[in-house]
Amino acid sequence: MRKFIIIFMVLSAIAADNMAIGAVPRWQTLPPTPTLPAALRQGYAPVNGIRIWYAVFGHGAPVIMLHGGLANANYWGLQVPVLARHYRVIVMDSRGHGRSSRDERPYSYNLMADDVIGLMDFLKFHKAAIVGWSDGGIIGLDLTMRYPSRISKVFAFAANINPNGLVDGVEKTPTFSAYIARAGREYAKLSPTPKRYTEFLGAINQMWETQPNYTAEQLATIRVPVLIVDADHDEAVKRQHTEAIAAEIPGAGLLIQPNVSHFSFLQDSTQFTEDIMNFLAR
């Protein structure tokens with residue numbers, strides 16, 4: 001009888017834990033930052049007066065994965081192993097992010113798009129597809145407008161085309177505030193300037209408050225295939241803004257991923273990766 005009671009108590013505790021876990025919707029979670037698999041090649045590229053960290057995986061047509069603001073390339077750790085079975089996947093830390101350095105120039109999406117082209121030139125390939133999350137998605141759109149011959153297609157997740165597309169107070173939401181704190185810890189571990197996170201955060205915030213500023217006329221010039229993607233519970237980007245972007249780009253697709261947020265690629269990595277693969281295969 002005593003044994004039965006103990007087993008019942010253990011099972012009840014497990015059930016209670018599962019109920020507690022289930023009580024938090026997936027879109028309100030921030031799963032751990034993954035790690036990247038072993039790379040075929042990695043290092044630092046001298047680009048536009050700075051050092052850009054990059055890594056290359058797999059073989060095939062080039063696909064460049066661009067992370068979001070404050071993050072680093074490790075955030076793609078769940079997608080890279082799958083994509084690398086079919087494509088040559090390149091990840092990079094944007095200037096001042098992760099392991100990459102920066103100079104004194106203010107952050108801008110134009111400048112970071114130029115860095116992508118600089119890395120492509122360094123790696124000696126002319127054209128690539130872009131998969132971008134948040135700031136990475138914005139950079140992808142910038143590339144299609146300014147370097148159309150270098151880009152084959154763009155999967156743009158959670159991008160905005162002007163500051164009005166952002167949700168006011170997003171930094172105060174539990175998930176996003178936890179992300180900002182985590183990004184600070186990762187910055188301290190990876191950055192060549194580990195004690196300058198507060199300064200870095202301020203500089204990125206300045207960019208977010210004033211950029212990007214793409215017009216409908218600029219978006220109408222895009223001719224490469226584009227898929228505009230967002231989450232149904234994105235904390236950062238307004239749904240109507242995402243829909244408007246897709247409507248302004250000729251031939252663009254629109255995809256809203258269910259039951260996830262701005263961190264969809266962590267919260268439901270299978271869904272996110274399958275969406276990328278389906279788009280790239282078209």
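1. In this predicted model, Thr 173 sits in the loop that connects strand E6 (151-157) to H5. Its relative accessible area is 23%, so Thr 173 is classed as partly exposed; the buried class would require a value under 20%.

2. The side chain of Thr 173 has a polar atom 2.8 Å from the backbone oxygen of Val 170.

3. Helix H5 covers residues 174-190 and helix H6 covers residues 197-210; their axes come within 10 Å and cross at roughly 130°. H5 and H6 are therefore oblique to each other, since an angle would have to be over 145 degrees to count as roughly antiparallel. The crossing of H5 and H6 is right-handed.

4. On the H5 side, the residues in contact are Ile 180, Ala 183, Gly 184 and Tyr 187, and these meet Tyr 197, Phe 200 and Leu 201 in H6. Sorted by class, the contact of H5 with H6 consists of 6 nonpolar residues and 1 polar residue, with no charged residues.

5. Ser 134 is found in the loop between strand E5 (128-133) and helix H4 (135-146). Its relative accessibility is 12%, so Ser 134 counts as buried.

6. Leaving aside residues up to four places away in sequence, Ser 134 touches Gly 68, Phe 157, Ala 158, Ala 159 and His 262. With His 262 there is a polar contact, side chain to side chain, at 3.0 Å from Ser 134.

Methods. Residues are numbered from 1 along each chain as its sequence is written. This is a predicted model: local features need pLDDT of at least 70, side-chain atom pairs count only at pLDDT 80 or more; totals for chains, interfaces and linings use all residues. Side-chain values use heavy atoms; hydrogens and water are left out. Axes are lines fitted to C-alpha atoms, for helices over the stretch in contact, and angles run from 0 to 180 degrees between N-to-C directions. Helices (H or I, at least four residues) and strands (E, at least two) are DSSP runs, numbered from the N terminus. Angles under 35 degrees count as roughly parallel, over 145 as roughly antiparallel, 65 to 115 as roughly perpendicular and the rest as oblique. A crossing is left-handed if the near helix is turned anticlockwise from the far one by less than a right angle, and right-handed if clockwise. Contact means heavy atoms within 4.5 Å. Ala, Val, Leu, Ile, Met, Phe, Trp, Tyr, Cys and Pro count as nonpolar, Asp, Glu, Lys and Arg as charged, and the others, Gly among them, as polar. Buried means under 20% relative accessible area, exposed over 50%, partly exposed in between (1.4 Å probe, protein chains only). A polar contact is a pair of N or O atoms within 3.5 Å; within protein, one must be able to donate a hydrogen and the other to accept it, and residues adjacent in sequence count only if both atoms are side-chain atoms.
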